[in-house]
Amino acid sequence: MGGAPTPVRGGRAAVPAGVPRQAVAPGRVRTWVPDGPFDLGLVLGPLRRGPGDPTFRATPDGSVWRASRTPVGPGTLRVSVRGGEVRGEAWGPGAEWLLEQLPELLGAADDPSAFEPRHRLLALTRHRRPGLRLTRTGLVLESLIPSILEQKVTTVEAYTAWRVLVRKYGEPAPGPAPARMYVMPAPRTWALIPSWEWHRAGVDNKRASTVLRAVRVAARLEEAARMPPAQAQERLELVSGIGPWTSAETVQRSHGAPDAVTVGDLHLPGIVGWALAGDRDADDAVMLRLLEPYAGQRHRAARLILLSGRVPPRRAPRMPRRDIGRL
């Protein structure tokens with residue numbers, strides 16, 4: 001069962017606006033014009049792993065910065081919107097790769113028109129959030145590893161572990177990135193992290209071992225970026241410790257998979273059940289039955305439900321936070 005924060009997966013990264021930014025050294029540039037409504041925060045929000053994510057930053061000028069480890073090396077990407085045009089500026093060895101991928105990152109391969117709402121709630125939410133597109137990063141490990149860290153723990157635990165490990169073992173983001181931005185560690189670096197450092201970051205042996213098994217076959221997993229989402233999930237799940245929850249959370253980001261609905265989640269079935277049928281006790285089977293009318297678009301439907309804000313009232317205390325680093 002996954003413990004990732006459902007509202008964050010469906011939410012929007014706050015992109016401040018209105019504060020001018022200091023001039024920065026120029027990088028390589030590409031522009032792209034969306035063919036319809038576009039909301040930068042909605043599109044890239046699922047890539048942020050908490051407000052302190054060292055690989056993601058939304059700045060006061062309305063830009064979003066990402067630090068990524070591409071197939072050709074680390075790179076930093078700054079994305080901003082001016083009028084109807086999106087501008088990408090990139091630095092580092094991975095700059096050209098990031099700019100080549102820019103349209104798909106911003107949802108160019110997504111087809112929002114394929115979604116046909118069959119519930120009033122979803123129709124209203126889509127009307128209110130017309131700029132929603134599903135991002136496709138083309139990178140597997142950068143979504144897989146934080147998804148593994150989110151298995152069966154609280155949001156705070158997972159985000160803290162990601163932040164601590166990336167800052168300690170990653171490398172500073174290339175170019176004029178905001179302070180304390182880092183590119184996540186290379187697979188070999190993940191493999192060499194001592195057991196006690198996983199412990200200090202609050203990661204138990206089960207999750208740490210799953211990450212280690214994944215990075216040992218990193219090249220094979222990255223190949224999955226070129227597979228259809230269902231086949232990619234099958235390949236990911238060949239690694240012990242990676243199940244349907246983790247593989248779905250990964251391909252939602254790496255592939256922009258509109259049908260990769262998350263099963264095994266602690267909160268999502270109850271939220272979907274409540275929104276579509278008033279059933280706060282829905283399990284995975286009920287959730288999948290309710291989402292059947294959206295076959296092919298079930299992840300988008302779930303995302304719209306999360307964006308609607310219609311969630312069942314809380315009736316139990318939050319999952320307690322464990323700090324295994326203090327043990």
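Hi everyone, let me start with a word we'll need: a residue is buried when its relative accessible area is under 20%, exposed when over 50%, and partly exposed in between, using a 1.4 Å probe and protein chains only. This is a predicted model, where local features need pLDDT of at least 70, side-chain atom pairs count only at pLDDT 80 or more, and totals for chains, interfaces and linings use all residues. Residues are numbered from 1 along each chain as its sequence is written, and side-chain values use heavy atoms, with hydrogens and water left out.

Now, the rings. Phe, Tyr and Trp rings (the six-membered one for Trp) pair if their centres lie within 6.5 Å; planes under 30 degrees apart are stacked, over 60 edge-to-face, and the rest tilted. There are five aromatic pairs here. One of them is Trp32 with Phe38, edge-to-face at 5.9 Å centre to centre and 75° between the planes. Trp32 and Phe38 are both buried.

Why is the pair of Phe115 and Tyr294 stacked? Because the ring centres of Phe115 and Tyr294 are 5.2 Å apart and their planes lie at 15°. Phe115 and Tyr294 are also both buried. Elsewhere, Trp162, Trp190 and Trp198 make up one aromatic cluster.

Finally, a helix pair. Helices are DSSP runs (H or I, at least four residues), numbered from the N terminus. Helix α5 (residues 141-149) packs against helix α12 (residues 244-254) at about 145°, with axes 9 Å apart; axes are lines fitted to C-alpha atoms over the stretch in contact, and angles run from 0 to 180 degrees between N-to-C directions.

How values were computed:
Helices (H or I, at least four residues) and strands (E, at least two) are DSSP runs, numbered from the N terminus.
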